[in-house]
Amino acid sequence: MRDFRPDHRWLSMNTATVRKQRGEPWPLPQILDACAKRGVRAVSPWRDQVAAAGLAATASQLKAHGIELSGYCRGGLFTYTDETSRQAVRDDNLRALDEACTLNAPCLVLVVGGLPGALAGKAAHKDIALARSQVAEGLAWLLGEARARRMPLAIEPLHPMYAADRACVNTMAQALDLCDALDPARSGALGVAVDAYHVWWDPQLQAQIERAGRERLLAFHVCDWLVPTTDLLEDRGMMGDGVIDLPRLRGWVEAVGFAGYSEVEIFSRANWWQRDGGEVIDTCIERHRRCV
Ligand code: ZN
C-alpha cells in the first residue's frame, strides 16, 4: 500500500468540495489556481462549473497548470418517462462524453438516476424495477458511444438513501452485475467509481472490490461519514472526522492493483462550505496524508 504521509501526490480535489464558500460560488478558475499553488496534481470538476468557466478555457488552464483529471462529474440520470425525455437524456450524455474527452478525463463518472421526476420532488411512478431496466438500457447505449470515443464509463453506486431520487444502483454488486452484463470481456470501457461515503457500510465491500479487479476500479472517492449525519446530501465529513476506516478501504482497492488518485469529495453546507476555500484545500491535504 502506498504511503500517503510524506506528500500529497495522489490527492485529487473533487471541485464540489470547494464549490461555494461562505455562500458565494467559488469559480473553477480560482479553484484550479488554488490547487496549483498547493501542488495538487489532479481534480475532478463538475459539468456546471466547467460550463460557467468555459470548456476550452478550462482545458487550457488545466494544461497550463499541469493538472490532470481523476474523473469528470458527471453523466447518467438515465431514467425517463417518454420519448422526449429519453432523447434529452441521450443528448445530454453525449455532451458529457465530449466534454470529458476535451478535458482528457480518465473516465466519465455516472450517477445513474432514480425514479424519474423524484429529484425535482415528484416521482412519476413507484416502479424501481422499471427505473433499473431503463438504467441498463441507457448504459448499454452510452457504452457504445463511449467506446467510439475511448472514454471509460465509471458507474458510481450511491448509498441506498438516494435510491429514489439520484441512483437506483446502490451497491457494488449491482454495479458490477451491470459491468458483467454489458462488458463481459472486462475491456476497461466500463467500471465503477468506489466512493467511500456510499459503500463503506456494505458487508460485501471487500469481496466486491476483489470482484471488480484493477480493470474495473476506475475511481476512488474519499470523505467521511459523520455521526450524527444531519443532512442526506450535504453533510459529508472531512476524512478523519467520522467512522469510515479509510486506510483499510484504500488497502482493499490497492490490493487489487488500483494505483490512481484518491479523490476528496465533500459536500458540506454547514461546515466546509462556510470556510475559506484555501483553508479547506489545506485541510484536505493534511487529512489526506494522515487519515487516508
Ligand atoms: Zn463520489
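This section describes the zinc site and the domain arrangement of a predicted model.

The zinc ion has four protein ligands. Glu156 (OE), Asp195 (OD), His221 (ND1) and Glu265 (OE) coordinate the metal at 2.0 to 2.2 Å. The donor atoms subtend angles of 82 to 149° around the zinc ion, so the arrangement is irregular. A tetrahedral assignment would require all angles to lie between 85 and 135 degrees. Along the sequence, the donor residues follow the spacing E-x38-D-x25-H-x43-E. The pair Glu156 and His221 links distant parts of the chain, 65 residues apart. Glu156 sits in the loop between β8 (153–155) and α6 (172–182). His221 belongs to strand β10 (residues 217–222). Glu156 has a relative accessible area of 4% and is therefore buried. His221 is also buried, with a relative accessible area of 0%. Burial here means a value under 20%.

The protein chain divides into two domains. Domain 1 is made up of residues 1–70 and 223–292, while domain 2 spans 71–191. Their centres, taken over C-alpha atoms, are 23 Å apart. Each domain gives 18 residues to the contact. Together, domain 1 and domain 2 bury about 1600 Å² between them. Carbon and sulfur atoms account for 60% of that buried area. Two salt bridges are counted between domain 1 and domain 2. A salt bridge also joins the side chains of Asp92 and Arg47, with an N to O distance of 3.1 Å.

Conventions
Residues numbered from 1 in each chain as written. Predicted model: local features only at pLDDT ≥ 70, side-chain atom pairs only at ≥ 80, totals over all residues. Heavy atoms only, no water. Donors = N, O, S within 2.8 Å, 3.2 Å for Na, K, Ca; no water. Tetrahedral: all angles 85-135°; square planar, octahedral: opposite > 155°, others 65-115°. Helix = DSSP H or I, 4+ residues; strand = E, 2+ residues; numbered from the N terminus. Buried < 20%, exposed > 50% of the residue type's maximum accessible area, 1.4 Å probe, protein only. Domains from an automatic or database assignment. Contact = heavy atoms within 4.5 Å. Buried area = accessible area lost by both parts, 1.4 Å probe. Salt bridge = Lys/Arg side-chain N within 4 Å of Asp/Glu carboxyl O.
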